[in-house]
Amino acid sequence: MTADPPLVLDIDGTLTRPEGWGIDPRVFDPLREWDAPVVLATGKAFPYPVALCHFVGIPELVVAENGGVVYTGDDVFFTADRAAARAVVEEYRAAGYDPGWGEEDTVNRWRETEIAVNLEQPVDPLREIAADYGLEVIDTGYAYHVKDAEPNKGDGIERIADAVGFDLEAAVAVGDSINDVSTFEAVGRGFAVANADEAAKGAADEVLEAVHADGTLAVLERVRGMR
Ligand SMILES: O=C(O)COP(=O)(O)O
Ligand SMILES: [Mg+2]
């Protein structure tokens, strides 16, 4: 008898269309048909991965905000404090800068812990202010994230694996950026898509030849039924 391995998937850069933006619709059916847990582990705010699970039609197993929010399907955990990240952004604004997402800011509107800043905004003052609050700024290639150095995606994935009862050593992950390094450390096999940054490539067990969803779909083909 064969079975599929548990999956841990990043969203931006990993489930995206090869041109870089928007979820590639080809991932929907393989994920819905996967016969093992599928965890979405992302830097995006909590509602985004929950909605993606909902619309794909899979159970909601979610690490959001780079580990700041974890949903096991039964319980939600907030593992970082929002106050410091908010204070950083207030100071950034007071210095004349802006997070860069427009007035209603749907990128940060539902965030519980960290804050994201548009890549077009100046990062040096952001880093300086964040350092004063003991926070770090990471660049995922999609946004700057002002966050507590702990927690991370890997901790959230461990919490979900414990709650759901699957073996992380058997799990396969795909990711594209520095915020997936802890994911690759948490699972048995980590794959970086070809568009991944150097940190992700360095932490992965294998760097794929294909970019974005093309890379991820190639992994799904390869590991299906191979637990
Ligand atoms: O929110 C981001 O900047 C990146 O999101 P991701 O972790 O799904 O790639
Ligand atoms: Mg990504």
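The following dialogue examines how several residues of a predicted model are described.

Mentor: In this predicted model, local features need pLDDT of at least 70 and side-chain atom pairs count only at pLDDT 80 or more, while totals for chains, interfaces and linings use all residues. Residues are numbered from 1 along each chain as its sequence is written, and chains are lettered from A and ligands numbered from 1 in the order in which they are written.

Trainee: Why is Val63 called buried?

Mentor: A residue is buried if 20 or more other C-beta atoms lie within 10 Å of its own, exposed if 12 or fewer, and partly exposed in between, with C-beta atoms placed from the backbone. Val63 has 34 such atoms within 10 Å, so it is buried.

Trainee: What makes Asp176 and Asp180 count as buried?

Mentor: Asp176 has 31 C-beta neighbours inside 10 Å and therefore counts as buried. Asp180 has 35 and therefore also counts as buried.

Trainee: Which residues are in contact with Asp180, leaving aside its neighbours within four places in sequence?

Mentor: Contact requires C-beta atoms, placed from the backbone, to lie within 7 Å. On that basis Asp180 is in contact with Asp10, Lys153, Gly175 and Ala200. Among the contacts of Asp176, with the same exclusion, are Asp10 and Ala200.

Trainee: How do you know that the "binding site" positions gather at one spot?

Mentor: UniProt, in an unreviewed entry, places that feature at Asp10, Asp12, Asp176 and Asp180. They span 171 residues in sequence, yet no two of their C-alpha atoms are more than 11.0 Å apart, so they gather at one spot. Such annotations may be inferred rather than shown by experiment.

Definitions and conventions: Contact = placed C-beta atoms within 7 Å.
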